[in-house]
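User: Could you walk me through this model, starting with whatever terms I need?

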Amino acid sequence: WARNLGQEDDSDPEASEDDATGDSTTGSDSPDPGPGSQDILTDNLLDEGLLDESDRSQPVDEVVVGVWSIEGGQGVVATREDGAWRSEDGGRTWSTVPTLPGCHDIVAFPGFPDELIAATVHGVLQSGNGGRSWFEVESTLSGEVINDLNADGAWIYAGTEAGLFRSQDGLRWAATRAGDGAGVPIRAIAIDPGWEGGLWLAGPMGVLRSDDAGASVRRSGRN
């Protein structure tokens, strides 16, 4: 799952509060999570009930733009303006993932929760250890901006500025060539559970659809 988190923590770390004796304290006594870690919790996460107030360790100074829960209890990966971060303890502490720049989406290979593929501004990246490290994949999509990914158990789909692509192994990608929606930018992909091979696609042309697992793409009604 993925959520857009666009609200910064606007709490004032300099605020003070008088206690019963009239004394006051300033700042926070929360422990420093240490080098290589950073608390990236936001009020959005708290409001959604994903974490509670006791999990906050320090104020947030960056906007979190995306967060993904890795299948099989492998942790959580989040992206913000200064890169990607990963947590393995329910979001209490976070460590940087320097090998995952410009991430737009993350999906797991069907049936293999440790095998992940990421859509980035430089093409597709893969991880074989639940997102702890990532490596570049030389493929048709190398160097392309990948806007979105999705998978239906048989195919992995990639939405790019050059159109829809699909792959069965994450290495060899084939572009959709058929239909009046072929070759147009694809910004989002949704699998329709109502029929086999059904896809909904979004882009500058409006809503598009495929009835054959991405072999062709056509306009969907009036856009």
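Analyst: Buried means under 20% relative accessible area, exposed over 50%, and partly exposed in between, with a 1.4 Å probe and protein chains only. This is a predicted model, in which local features need pLDDT of at least 70 and side-chain atom pairs count only at pLDDT 80 or more, while totals for chains, interfaces and linings use all residues. Residues are numbered from 1 along each chain as its sequence is written, and side-chain values use heavy atoms, with hydrogens and water left out.

User: Ok, Ser127 then: buried or exposed?

Analyst: Ser127 has a relative accessible area of 1%, so it is buried. Ser127 belongs to strand β10, residues 123–127, where strands (E, at least two residues) and helices (H or I, at least four) are DSSP runs numbered from the N terminus.

User: What does the side chain of Ser127 reach?

Analyst: It reaches the backbone nitrogen of Gly131 at 2.9 Å. Leaving aside neighbours within four places in sequence, Ser127 is in contact (heavy atoms within 4.5 Å) with Asp114, Glu115, Leu116, Arg132, Ser133, Trp134 and Phe135.

User: And where is Thr79?

Analyst: Thr79 is found in strand β5, residues 75–80, and its relative accessibility of 5% makes it count as buried. Apart from neighbours within four places in sequence, its contacts include Val64, Trp68 and Cys103.

User: Switching to sheets, in what order do the 4 strands of the open sheet come?

Analyst: The order is β16-β17-β18-β19, with antiparallel pairing; two strands pair if DSSP finds at least two bridges between them. β16 (188–191) and β19 (218–219) stand at the edges with a single partner strand each, so one side of each is left without a neighbour in the sheet.

User: How many bridges join β18 to β19?

Analyst: There are 2 bridges between β18 (residues 206–210) and β19, and Leu208 has Arg219 in β19 as a bridge partner. In the loop between these strands, β18 and β19, sits Ala213, which has a positive phi of about 60° although it is not a glycine. Most residues other than glycine have a negative phi. Ala213 counts as buried, at 11% relative accessibility.

User: Last topic, how many aromatic pairs are there?

Analyst: The structure holds 1 aromatic pair, a term for rings of Phe, Tyr and Trp (its six-membered ring) with centres within 6.5 Å, where planes under 30 degrees apart count as stacked, over 60 as edge-to-face and the rest as tilted. The rings of Trp195 and Trp200 have centres 6.1 Å apart and planes at 80°, so the pair is edge-to-face.

Key
Polar contact = N/O pair within 3.5 Å; in protein donor to acceptor, adjacent residues only side chain to side chain.
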